[in-house]
Amino acid sequence: MILWLVATPAAAELRVCADPNNLPFSNQAREGFENRIVEHIAADWGETVHYVWWAQRRGNVRNTLNARLCDVIPGVASTLEMLATTRPYYRTSYMVVTRADRKIEIEGFDDPLLRSLSLGVQMIGDDGANTPPAMALAKRGLTNNVHGYMVYGDYGEAAPQSAIVDAVSRGEVDLAYVWGPVAGYFGARASTALSIRPVTPWLDGPTLPMAFDVSMGVRKDDYALRRRLDNWLTAHQAEITNILTAYGVPLPSP
């Protein structure tokens, strides 16, 4: 008797670089909106998602995508030069977060009221880099009443980025400048009703924007995957927007 052995083709994979503890964007339980979007892409392509989990710290692109461990990073700035980026699939901005019962209203970074408030800002800390709101306040000399919260937070916690929104909810700071997806997602889950409004104006001088386009990133030589992603993102923009809205991501116009 002759036995014929037929090789079964390996299932196609979409290899995604993702942070395992970075809600609302992604986590290892696949609960973030980036998880939902890339898994939707893979399902439409008849592929499975293979995650390469790596915290979004300094060097993560070099150690994951450029090391060819994975092929796409969702949620990168459209202007990021170290990658080839797709067409933007959303645009969002930094938000002003306050407790609704405080009824605090400010008019931009030059509002004199800011000098009498306790202000929270997100800090990056790598090589002196900082978030645009932190830089806008610093150039106006507003540092004595500013409290910094690291963008990456306490990685030992289940939701590291929630700390700055929690600080507003608890009254530890009067007002915080928070990246849109973080503000919207955790603000909706806060124990106290919060007011969440876009930072205005969205451009603080010619070089300090408060709103950014967001894309997916691939290696610069991966032309085929970039085109394929561009086509999918264009065809499915309405579905993407629905996912973002469900996660509370603010989608303000420029």
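Visitor: What is the handedness of the link of Cys-17 and Cys-70, and how many degrees are there about the S-S bond?

Guide: Please bear in mind that this is a predicted model. A disulfide is a covalent bond between the sulfur atoms of two cysteines. Here the link of Cys-17 and Cys-70 is right-handed, with 100 degrees about the S-S bond. The two sulfur atoms are 2.0 Å apart, and a search of the whole structure finds one disulfide.

Visitor: Which parts does the pair tie together?

Guide: Cys-17 belongs to strand 1 (residues 13-18), while Cys-70 sits in the loop between helix 2 (60-63) and strand 5 (73-77), so the bond ties together parts that are 53 residues apart in sequence.

Visitor: Is each cysteine of the pair buried or exposed?

Guide: The cut-off for buried is a relative accessible area under 20%. Cys-17 is buried because its value is 7%, and Cys-70 is buried as well, at 0%.

Visitor: What is Tyr-177 in contact with, leaving aside its neighbours within four places in sequence?

Guide: The partners of Tyr-177 include Met-95, Val-96, Ile-106, Phe-109, Leu-114, Pro-133, Leu-137, Ile-164 and Val-199.

Visitor: Ile-164 brings us to a helix. Which residues of helix 4 are buried, and what covers them?

Guide: In helix 4 (residues 163-170), the buried residues are Ile-164, Val-165, Ala-167, Val-168 and Ser-169. Their cover includes strand 7 (90-99), strand 8 (119-123), strand 9 (146-150), strand 10 (175-179), helix 5 (180-188) and strand 11 (194-198). Just after helix 4, Gly-171 has a positive phi of about 85 degrees.

Visitor: How many cavities of 30 Å³ or more does a search of the whole structure find?

Guide: A cavity is a space where a probe fits but cannot get out. The search finds two of 30 Å³ or more. The largest holds about 50 Å³ of space, and its lining consists of Cys-17, Ala-18, Asp-19, Val-52, Trp-54, Gln-56, Asn-60, Thr-64 and Ile-73. By class, these are five nonpolar, three polar and one charged.

Visitor: What lines the second largest cavity?

Guide: The second largest cavity, of about 40 Å³, has a lining that includes Gln-122, Tyr-149, Met-150, Ala-163 and Ile-164. Strand 9 and helix 4 each supply at least two residues of that lining, which divides into six nonpolar, three polar and no charged.

Visitor: Finally, what is the volume of the largest pocket, and which residues lie nearest its centre?

Guide: A pocket, in contrast to a cavity, is open. The largest has a volume of about 1300 Å³. Of its 35 lining residues, Gln-56, Ala-77, Leu-80, Ile-124 and Tyr-152 lie nearest the centre. Helix 2, strand 5, strand 7 and strand 12 (211-218) are the elements giving two or more residues to this lining, and strand 5 gives the largest share, four residues. The lining has 17 nonpolar, 11 polar and seven charged residues.

Notes
Residues numbered from 1 in each chain as written. Predicted model: local features only at pLDDT ≥ 70, side-chain atom pairs only at ≥ 80, totals over all residues. Heavy atoms only, no water. Disulfide = S-S within 2.5 Å. Buried < 20%, exposed > 50% of the residue type's maximum accessible area, 1.4 Å probe, protein only. Contact = heavy atoms within 4.5 Å. 1 Å grid on protein atoms, 1.4 Å probe; cavity = no way out; pocket = protein on both sides within 12 Å on 5 of 7 lines; lining within 4 Å. Points joined across faces, edges and corners; volume = space filled by probe spheres on them. Nonpolar A, V, L, I, M, F, W, Y, C, P; charged D, E, K, R; others polar.
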